[in-house]
Amino acid sequence: MDITVLIANRNYSRYITDCIQSAINQTLSPKCICIVDDGSTDNSWDIIKAYAEENQKEENVAKSEIGDILIKVGNIRGIDIVGVKLPKPTGPSQARNIGI
């Protein structure tokens with residue numbers, strides 16, 4: 001069974017590390033953790049980027065109607081970590097949809 005964890009984030013830098021670590025440390029490990037940063041103005045993206053850059057596999061920029069979306073993919077303990085940086089806030093529903 002393949003499990004993907006989707007985390008939508010906007011200005012939750014004080015919680016994002018615990019959130020990501022919790023997903024990594026689950027008894028049934030996910031295949032992928034996708035963290036979508038919804039235009040945060042705090043240091044959330046720096047934290048997310050650090051996870052996604054560990055054993056980095058690729059980096060892409062996707063063009064969209066809201067601007068350039070930065071995508072970084074890394075790997076920790078066999079779990080793909082996908083960091084998605086939105087250029088401006090879109091709201092939690094749109095951030096989740098982009099992550100899917």
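This is a predicted model: local features need pLDDT of at least 70, side-chain atom pairs count only at pLDDT 80 or more; totals for chains, interfaces and linings use all residues.
Start by selecting α2, residues 44-53. Colour its buried residues: Ser 44, Trp 45, Ile 47, Ile 48, Tyr 51 and Ala 52. Look down the axis and you will find these residues on the same side of α2, because they cover an arc of only 160° around it. Now show β1 (4-9), α1, β2, β4 (67-76) and β5, the elements against which the buried residues of α2 pack.

Next, bring up the largest nonpolar core, which has 15 residues. The members touching the most others are Ile 16, Ile 20, Ile 24, Ile 33, Ile 35, Tyr 51 and Ile 81. At least two core residues come from each of α1 (13-24), β2 (32-38), α2 (44-53) and β5 (79-86), and α2 gives the most, with five.

Zoom in on Tyr 51. Leaving aside residues up to four places away in sequence, Tyr 51 touches Thr 17, Ile 20, Gln 21, Ile 24, Ile 76 and Ile 81.

Is Ser 44 buried or exposed? Ser 44 is buried, with a relative accessible area of 0%. Its side chain makes a polar contact with the side chain of Asn 9 (3.2 Å), and a polar atom of that Ser 44 side chain lies 3.2 Å from the backbone nitrogen of Ser 13. Beyond four places in sequence, Ser 44 touches Asn 9, Asn 11, Tyr 12, Ser 13 and Asp 37.

Finish at Asn 55, which follows α2 and has a positive phi, near 50°.

Conventions:
Residues are numbered from 1 along each chain as its sequence is written. Side-chain values use heavy atoms; hydrogens and water are left out. A nonpolar core is a set of buried Ala, Val, Leu, Ile, Met, Phe, Trp, Tyr and Cys residues joined through side-chain atoms within 4.5 Å. Buried means under 20% relative accessible area, exposed over 50%, partly exposed in between (1.4 Å probe, protein chains only). Helices (H or I, at least four residues) and strands (E, at least two) are DSSP runs, numbered from the N terminus. Contact means heavy atoms within 4.5 Å. The arc is that of the directions from the helix axis to the C-beta atoms. A polar contact is a pair of N or O atoms within 3.5 Å; within protein, one must be able to donate a hydrogen and the other to accept it, and residues adjacent in sequence count only if both atoms are side-chain atoms.
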